[in-house]
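Colleague: I would like a close look at one part of this model, followed by a walk through its surroundings. Please give the cut-offs as you go.

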Amino acid sequence: METLIAKYNYWIYTLLMMVGLYAMLAKNNLVKKVIGMSIFQTAIIIFYVSIGAKEGATIPILMHSHEETVRTVEYVNPLPHVLMLTAIVVSVATLGVALSIALRIHQEYGTLEEEEILDQIQGL
Amino acid sequence: MNDQLPALIIVLPLVSALLVNIAGRVGRSYCWLFTVLVMTAVTGCALGLVSRVMTQGIIHYRLGGWPAPVGIEYVVDHLNVLMLVLISAVSLVAAIYSGPAVQREIPEQTTSFYTLFILLVAGLLGMTITGDAFNLYVLVEISALTGYGLIALGQGRAFLASFNYIIMGTVGACFYLLGVGHLYIKTGSLNMKDLYQLLPSLYSSETIAVAFILILAGVWAKMAFFPLHTWLPNAYTYAPTATSALVAPLMTKVSVYVMIRIIFSVFSPEFAFHISAVRHLVVWMAVVGIVTGSVMALLQTDFKKMLTYLIIAEVGYMVGGVWLANRAGITGAVLHVINDALMTLSLFLVAGVVTYRTGGHQVRNLQGFYRIMPWTMAAFTLAALSMIGVPPTVGFFSKWYLMLGAIHGAQWHFVAALVFSSLMNALLFFRIMEMAFFDAPDPAQAWVGPEAPVSMMAPVLGTAVGLLAVGLNSRVIVDRFIQFVIPAGL
């Protein structure tokens with residue numbers, strides 16, 4: 001129970017990741033798959049952001065710029081957050097591409113249910 | 001100027017991807033010319049890097065002048081300089097070839113096609129040259145996103161194929177990113193060289209083992225290693241001709257390169273290969289992948305789809321070769337990355353000519369082709385012999401090293417898989433040759449005239465000659481480049 005609470009950020013990200021993975025693999029509707037993919041990516045963003053956190057630390061903006069040495073324990077690690085800015089851009093781009101392709105699929109087959117699309121392909 | 005080559009080779013295509021839109025505004029036909037010129041310049045940069053690496057050794061390029069662990073670093077060594085030349089040369093050939101194919105299949109999307117084309121090349125070159133684990137993720141996604149778009153430019157089933165590729169590709173990239181996150185937790189670094197120095201003291205840690213597994217799983221999904229291959233056949237089959245000529249030879253091969261880079265330059269062979277049970281498991285997976293790919297290829301009636309299953313079998317060759325974990329096996333795997341890219345390029349170029357001439361890419365479209373398209377079929381025959389592994393074509397040499405590696409490591413099932421796959425390839429290609437030679441051509445196709453435009457035929461014949469030229473120079477590639485890649489002690 002101790003480790004469950006102490007490492008709750010990891011549990012949350014694992015849970016979210018599984019939800020996303022489940023939706024991507026098990027859902028029949030293409031938009032639901034895309035949403036699953038987005039949840040999956042968000043889980044990883046949460047993971048990264050949480051590893052930058054420190055107990056009792058504040059946002060990484062220097063409070064006393066005249067200080068000679070920066071005491072790193074006072075600030076959260078900004079690097080994972082910066083990395084995630086890039087990852088968010090990537091995930092938005094992926095989401096956009098995936099949705100636009102889902103739109104084309106809908107124009108082509110008139111449905112977003114994977115089984116119905118496959119039936120139509122088999123029928124051809 | 002010469003010092004800036006590592007940056008130029010990426011910046012040039014990145015900027016050109018924007019500029020090609022201006023060319024497209026002026027006139028659609030300029031896009032092709034512009035892309036060919038850019039790819040020529042990129043190939044020039046790659047060749048310039050080869051001469052620099054051969055004279056000065058490994059190049060470390062600091063982006064923005066920031067030193068290594070803090071800033072992003074581009075590293076050019078003997079392994080990735082080969083990859084840079086391969087990628088730029090294959091893209092140049094594919095760019096020349098794309099002209100008539102784009103005009104016929106996707107004239108409305110010419111500008112978008114070439115924008116994505118150039119961006120994809122930038123992404124692949126970046127994946128190869130970068131020395132930073134997170135930067136690699138971004139470049140993987142650049143090449144993947146452009147790849148999804150390029151595939152979705154096809155018709156009909158291309159959309160669904162591209163969609164499935166997005167799902168699988170994103171899962172792969174996310175696993176990679178997660179693995180890098182685990183490495184970062186433990187080491188606080190993202191620079192590959194830095195990681196390589198920091199990691200050995202942490203090898204006993206479970207987090208590092210998890211990171212290694214996550215990264216490998218991610219890269220395997222990207223390269224369509226069995227059993228994560230299901231997205232590949234449809235995506236590559238239904239893509240437009242010009243797309244598959246670029247994507248099919250390069251995407252999986254660059255992912256194999258990334259795997260080799262991760263094992264040798266981030267982790268070490270001692271760590272990656274130290275559990276023999278894992279090593280054997282991966283070789284077994286490669287064996288199953290090779291056998292499945294070959295058998296599935298034999299069952300196809302669609303020519304392009306048949307080639308896609310062959311790619312899956314060839315990925316098994318390369319991954320298996322690396323995990324044989326001995327000198328000959330790894331030499332074979334690296335050599336096969338180059339050779340397989342050339343063979344796949346050659347076969348997809350031929351498939352593109354068939355599509356251009358007959359409007360389809362079924363195997364039966366090739367009926368009587370030796371009579372109506374002798375030059376194309378000459379190139380096809382050479383590529384087929386190379387896939388089977390007949391000397392002096394490229395396919396023979398890498399298979400030879402892989403075979404030596406497997407025998408040396410006493411992995412007899414891998415030897416058997418290589419032999420089986422060669423036999424299946426022989427069966428498959430001789431069956432097509434027989435039909436193309438003896439069956440009467442479809443009367444509708446039997447018009448006289450040139451086989452295809454010069455800009456398509458020149459790449460087809462050039463690549464076929466390349467299969468022989470590179471094959472005869474295998475020794476040079478191994479002696480001057482690949483032998484420096486393999487870590488001491490293997």
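In which helix of chain B is the place of B:Leu216?

Modeller: B:Leu216 is in helix H8 of chain B, residues 206-223; helices are DSSP runs of H or I with at least four residues, and strands are runs of E with at least two, numbered from the N terminus. The model is predicted: local features need pLDDT of at least 70, side-chain atom pairs count only at pLDDT 80 or more, and totals for chains, interfaces and linings use all residues. Residues are numbered from 1 along each chain as its sequence is written, chains are lettered from A and ligands numbered from 1 in the order in which they are written, and side-chain values use heavy atoms, without hydrogens and water.

B:Leu216 is buried, at 7% relative accessible area (buried is under 20%, exposed is over 50%, partly exposed is in between, with a 1.4 Å probe and protein chains only). Apart from neighbours within four places in sequence, B:Leu216 is in contact with B:Met259 and B:Trp323, where contact means heavy atoms within 4.5 Å. B:Ile167 lies 49 residues away from B:Leu216 along the chain, and their C-alpha atoms are 18 Å apart.

Another buried residue of chain B is B:Ser398, at 0% relative accessibility. B:Ser398 belongs to helix H17, residues 394-408. Leaving out residues up to four places away in sequence, B:Ser398 touches B:Gly332, B:Leu335, B:His336 and B:Asn339. With B:His336 there is also a polar contact between the side chains, at 2.8 Å (a pair of N or O atoms within 3.5 Å; within protein, one must be able to donate a hydrogen and the other to accept it, and residues adjacent in sequence count only if both atoms are side-chain atoms).

Next come the rings. Over all chains, a search finds 25 aromatic pairs (rings of Phe, Tyr and Trp, the last by its six-membered ring, with centres within 6.5 Å; planes under 30 degrees apart are stacked, over 60 edge-to-face, and the rest tilted). One of them joins A:Tyr10 and A:Tyr13, an edge-to-face pair with 6.5 Å between centres and 70° between planes. Both residues lie in helix H2 of chain A (residues 8-26), 3 residues apart, about one turn of the helix. A:Tyr10 is partly exposed at 27%, whereas A:Tyr13 is buried at 9%. In chain B, B:Trp231 and B:Tyr236 have ring centres 6.0 Å apart and planes at 80°, so this pair is edge-to-face. B:Trp231 is buried at 4%, and B:Tyr236 is buried at 1%. Back in chain A, A:Tyr10 and A:Tyr13 form one aromatic cluster with A:Phe47 and A:Tyr48.

The contact takes 37 residues from chain A and 28 from chain B. About 2,900 Å² is buried between the chains, 82% of it from carbon and sulfur atoms (buried area is the accessible area, with a 1.4 Å probe, that two parts lose on being put together, summed over both). A:Tyr48, A:Val90 and A:Ile101 supply 17% of what chain A buries against chain B, more than any other three residues. Between the chains there are 3 residue pairs in polar contact, both residues at pLDDT 80 or more. Helices H2, H3 (30-51), H4 (78-109) and H5 (114-123) of chain A each supply at least two residues of the side that touches chain B. H4 of chain A gives the most to that side, with 17 residues.
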